[in-house]
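Student: Could we go through this protein together? I would like to understand how its parts pack.

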Amino acid sequence: MPRAGESCGSSASGGASRSPAAAQALSALAEQERKLAMLAVFPGDMLGNRGRNEPDLEAPVVGQVAGNNPTKELAGKKLYEGNKGIPAIMGGVKVGNRKIVVVTGASSGLGLWCAKALVDKGNHFVICAVRDVEKMNSAARAIGINKDSFFAMKLELGSFESVRDFVNNFKLFSPQRGIDHLVLNAAVYRPTDPNPAWTDDGFEMSFGVNHLGQFLLVQLLLPDLKKKNEDLKSKKSSAKKARVCWVGSITGNNNTIGGGLVYPRAEVGELQGLKQGPGAPMVNGGKFDGAKAYKDSKVANMMTDRKSTRLNSSH
């Protein structure tokens with residue numbers, strides 16, 4: 001079983017051995033976390049209530065969603081219209097003997113630099129799971145990711161239909177081989193929303209995209225990841241096992257400044273809202289708060305991460 005406990009963070013240890021791309025990725029993550037904490041403390045300053053001569057700053061958006069679209073602009077609109085794109089058939093020829101890694105939210109920020117760091121190692125082929133395929137291709141060109149080392153594939157995490165279509169497309173792309181690693185990086189952050197936005201399946205946007213969509217993705221790819229480990233075991237290979245990596249956040253941890261001292265704190269209660277199903281504004285059944293919704297989603301990521309590790313430690 002993949003080591004689902006591989007939650008990624010911004011630790012500074014081992015910096016001397018990092019590649020330049022890895023160092024840039026960690027730097028981007030640290031800056032992102034700093035902005036999240038600052039936004040929670042000084043929302044007005046970060047969102048444009050500054051001096052007349054200072055430019056407005058858009059609320060930072062983490063991962064896939066391009067632009068902090070106001071809730072009213074999303075009302076009544078589907079995130080995914082079933083346009084799953086035309087998958088490349090038999091992509092295994094392009095992949096060769098390289099390890100296959102799927103990275104969600106790879107078109108910007110940490111996900112983009114993660115893809116580059118993997119490609120630069122020379123022994124990885126990256127499936128970039130993104131909302132906007134053209135944006136991904138442009139971003140890859142801009143930072144010099146070799147076009148023969150990645151493939152951009154449509155994935156809208158705010159739609160369970162799209163998640164299933166992505167997995168089907170991946171199996172068409174690489175029918176003979178499963179993935180080696182899965183990096184769950186994509187997320188949205190909507191702290192200024194006065195009212196919740198909703199996924200196509202009726203869940204609050206932050207929790208639906210950041211957790212539920214990626215939870216489904218893990219479940220659908222789990223058989224391939226387990227098979228990879230079983231194959232390695234049967235061959236008595238010393239190669240690294242397949243693993244799932246959830247990108248964490250200090251804001252979901254009450255033992256950090258961003259999570260413990262900056263309110264609202266993450267608190268999922270007894271998952272009353274999740275038990276209620278579609279239509280619940282918060283996972284704990286409480287009143288909607290955009291900043292807390294993000295923090296709660298990261299707590300859910302880590303809860304799943306730890307539980308998965310315990311359940312599958314024998315693999």
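Student: How are α8 and α11 oriented to each other?

Tutor: This is a predicted model. In it, the axes of α8 and helix α11 (residues 290–311) cross at roughly 15°. Angles under 35 degrees count as roughly parallel, and therefore α8 and α11 are roughly parallel to each other.

Student: Within what distance do their axes come, and which hand does the crossing have?

Tutor: The axes of α8 and α11 come within 7 Å, and α8 passes α11 in a right-handed crossing. On the α8 side the contact is made by S206, F207, N210, H211 and F215. On the α11 side it is made by A293, Y294, D296, S297, A300, N301 and T304.

Student: What about α7 and α8?

Tutor: The axes of α7 and α8 come within 9 Å and cross at roughly 30°. That makes α7 roughly parallel to α8. The crossing of α7 and α8 is right-handed.

Student: Which residues make that contact?

Tutor: From α7 they are F160, V163, R164, F166, V167, F170 and K171. From α8 they are L212, G213, L216, L217, L220, L221 and D224.

Student: And at what angle do α5 and α6 pack?

Tutor: Helix α5 (residues 109–121) and helix α6 (residues 133–143) pack at an angle of about 60°, with their axes 11 Å apart. That makes α5 oblique to α6. The crossing of α5 and α6 is right-handed. L112, W113 and K116 of α5 meet M136, A139, A140 and I143 of α6.

Student: Let us change topic. How many residues does the largest nonpolar core have?

Tutor: The largest nonpolar core has 32 residues. Those with the most contacts inside this core are I127, F166, I179, L182 and L217.

Student: Which elements supply at least two residues of this core?

Tutor: The strands are β1 (99–104), β2 (124–130), β3 (150–154), β4 (181–184) and β5 (243–246). The helices are α7 (160–173) and α8 (205–234).

Student: Which of them gives the most to this core?

Tutor: α8 gives the most, with 8 residues. Apart from this core lies another, of 21 residues, including V101, V103, I145 and A152.

Student: Now to the loops. Where is L79 found?

Tutor: L79 lies in the loop between α3 (71–74) and α4 (92–95). Not counting residues up to four places away in sequence, L79 touches E156, G158, W198, T199, D200 and M205.

Student: How many residues apart in sequence are L79 and W198?

Tutor: L79 and W198 are 119 residues apart in sequence, and their C-alpha atoms are 9.4 Å apart in space.

Student: What share of contacts in the whole protein joins residues at least 24 apart?

Tutor: Among contacts between residues at least 6 apart in sequence, 74% join residues at least 24 apart.

Student: To finish, how many helices and strands are there, and how much of the protein is buried?

Tutor: There are 11 helices and 5 strands. Of the 315 residues of the protein, 49% count as buried. The protein exposes about 15200 Å², and carbon and sulfur atoms supply 53% of that area.

Note on methods
Residues are numbered from 1 along each chain as its sequence is written. This is a predicted model: local features need pLDDT of at least 70, side-chain atom pairs count only at pLDDT 80 or more; totals for chains, interfaces and linings use all residues. Side-chain values use heavy atoms; hydrogens and water are left out. A nonpolar core is a set of buried Ala, Val, Leu, Ile, Met, Phe, Trp, Tyr and Cys residues joined through side-chain atoms within 4.5 Å. Buried means under 20% relative accessible area, exposed over 50%, partly exposed in between (1.4 Å probe, protein chains only). Helices (H or I, at least four residues) and strands (E, at least two) are DSSP runs, numbered from the N terminus. Contact means heavy atoms within 4.5 Å. Accessible areas come from the Shrake-Rupley method with a 1.4 Å probe; for residues, only the protein chains shown count as cover. Axes are lines fitted to C-alpha atoms, for helices over the stretch in contact, and angles run from 0 to 180 degrees between N-to-C directions. Angles under 35 degrees count as roughly parallel, over 145 as roughly antiparallel, 65 to 115 as roughly perpendicular and the rest as oblique. A crossing is left-handed if the near helix is turned anticlockwise from the far one by less than a right angle, and right-handed if clockwise.
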